[in-house]
Amino acid sequence: MSDIKVLWVDDEIDLLKPHILFLENKNYVVTTAQSGTEALEEINRDNFDIVFLDENMPGLTGLETLAEIKERRASLPVVMITKSEEEYIMEEAIGSKIADYLIKPVNPNQILLSLKKNLDHSRLVSEKTTSSYQQEFRKIAMDMSMINSFEGWVELYQKLVYWELQLEDIEDSGMFEILESQKVEANNQFFKFIDKHYPNWFDGQEDAPVMSHTLFRDRIQPEISKGTPTLLVVVDNLRYDQWKAFEPFLSNNYKKESEELFYSILPTATQYARNAIFSGLMPSEMEKRHPEYWLNDTDEGGKNMYEKEFLAAQLKRLGLDLDWSYHKISSLKQGRRLVENFKSHKNEDLTVIVYNFVDMLSHSKTEMEVIKELASTDKSYRSLTQSWFKNSPLMEIIQQAAQLGFKLIITTDHGTINVKNPSKVIGDKNTSLNLRYKTGKSLTYEDKDVLAAVNPERIKLPSIHMSSSFIFARGDLFFAYPNNYNHYVGYYRNTYQHGGVSLEEMVIPIAVLSPR
């Protein structure tokens with residue numbers, strides 16, 4: 001540790017001689033001052049790491065000195081020391097962004113703790129987090145090979161995201177690389193699990209998790225009650241780690257009642273998964289029951305144009321007689337308009353908002369170099385989502401909803417994954433365009449890279465032709481055609497895509513919150 005410079009300001013500094021000797025024995029360099037004016041002269045003369053400041057001094061008071069210090073050195077940590085326990089002094093000091101607050105008489109260990117907390121905090125947290133993750137790493141690695149249930153994968157994914165967020169602020173790239181390799185291995189094992197068990201969730205051979213098509217019936221419907229307004233927000237393309245990143249911004253307005261992870265259906269793509277949420281049906285059932293609303297991959301036209309109609313049909317099927325409205329936000333302008341008119345929905349039982357921002361972000365990332373630059377890693381992608389949410393019309397809508405007494409349900413249709421490696425696929429001109437799944441006739445592909453559904457009906461997907469099949473990419477792979485291969489691979493590598501099989505795409509959040 002290089003010598004840390006401490007400035008201690010107190011009009012009775014002589015009485016603190018034992019404390020100062022104690023710190024000097026611990027290799028801190030302590031400069032003393034007996035008044036606010038003297039302290040400011042010292043601050044102009046030297047670069048201190050921290051200031052201990054007596055609140056009650058003749059001349060410039062502690063609070064006045066604090067204001068002057070902050071004006072000159074905004075980032076210099078100041079620890080206020082006072083005899084007084086009066087609330088207004090504490091509030092003044094805290095409002096002025098003090099680093100700590102100690103009540104006299106202080107003992108040397110309190111001073112030392114305050115120094116460590118303010119100057120060694122990040123190093124101590126970093127060391128503790130790193131050693132905790134190292135212990136957990138072995139446990140996660142052992143658990144991974146044993147998991148044989150959808151609940152087990154949810155728990156493991158929650159653990160991985162927890163550690164990813166803990167390690168995010170630590171300057172230990174080695175630890176982060178270990179976590180990244182653990183995520184890759186988790187996705188390899190998860191892929192095997194889905195390959196083996198997914199079809200059995202539809203024919204009653206195995207218990208199934210809550211999935212896109214059962215989400216409304218099993219999790220959303222029980223939260224809706226006539227006479228109490230509920231706001232259901234479906235943020236397109238929202239991963240669990242992104243939800244955890246912006247969840248703290250809700251805490252001023254909402255408290256969380258419950259949070260769980262459910263499974264997106266395959267393909268983890270908007271037209272399949274989100275239509276399944278609103279219709280309460282799997283895609284092959286939508287095609288049979290509502291041919292007027294369902295479009296296949298190769299059909300012309302928007303594939304999510306009838307979510308409102310799908311929801312109306314589901315509410316009718318469930319026997320729910322509700323006063324409700326549906327809003328899809330795909331631009332800032334639409335978001336602002338809803339902010340202005342949101343009060344008019346206060347008497348509805350259910351107000352549904354589909355917010356397309358994250359989807360626009362992840363798709364535009366492949367189109368726009370600027371976004372590619374801003375969101376090249378999961379950490380920066382989370383940060384970008386966080387920044388957007390904090391400043392978005394959606395945040396304003398949620399704040400209004402809390403004031404109007406709305407219960408809040410936030411969920412998504414699927415997540416996304418940063419794709420790293422290409423896998424060659426050959427299909428005819430009618431093959432679908434998505435990078436993480438393909439549907440079409442006579443597809444040629446690398447067996448080891450895909451989950452293949454030769455009989456789509458078994459997993460409740462429509463067959464466009466008699467011989468149509470679906471393939472879903474494993475882990476962080478993306479499909480590339482042999483022609484123009486290198487250009488295509490260079491263009492799409494390290495972009496965020498969805499449609500395939502990964503924890504990030506399939507295991508996604510739903511949270512229920514009540515207004516504070």
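**Exercise 1. Sort the residues lining the second largest pocket into nonpolar, polar and charged.**

Solution. The lining divides into six nonpolar, seven polar and 11 charged residues. Here Asp, Glu, Lys and Arg count as charged, Ala, Val, Leu, Ile, Met, Phe, Trp, Tyr, Cys and Pro as nonpolar, and the others, Gly among them, as polar.

A word on the source: this is a predicted model, where local features need pLDDT of at least 70, side-chain atom pairs count only at pLDDT 80 or more, and totals for chains, interfaces and linings use all residues. Residues are numbered from 1 along each chain as its sequence is written, and side-chain values use heavy atoms, with hydrogens and water left out.

**Exercise 2. Find which element gives the largest share of that lining.**

Solution. Start with the elements that give two or more residues: helix 8, helix 17 (378-390) and strand 11 (417-419). Both kinds of element are DSSP runs numbered from the N terminus (helices: H or I, at least four residues; strands: E, at least two). Next, pick out the largest share: helix 8, with six residues.

**Exercise 3. Decide whether Arg436 is buried or exposed, and name the partners of its side chain.**

Solution. Then take its relative accessibility: at 0%, Arg436 counts as buried, because buried means under 20% relative accessible area, exposed over 50%, and partly exposed in between (1.4 Å probe, protein chains only). Finally, follow the side chain: it reaches the backbone oxygen of Gly475 at 2.8 Å, and the side chain of Glu505 at 2.5 Å.

Conventions: A polar contact is a pair of N or O atoms within 3.5 Å; within protein, one must be able to donate a hydrogen and the other to accept it, and residues adjacent in sequence count only if both atoms are side-chain atoms.
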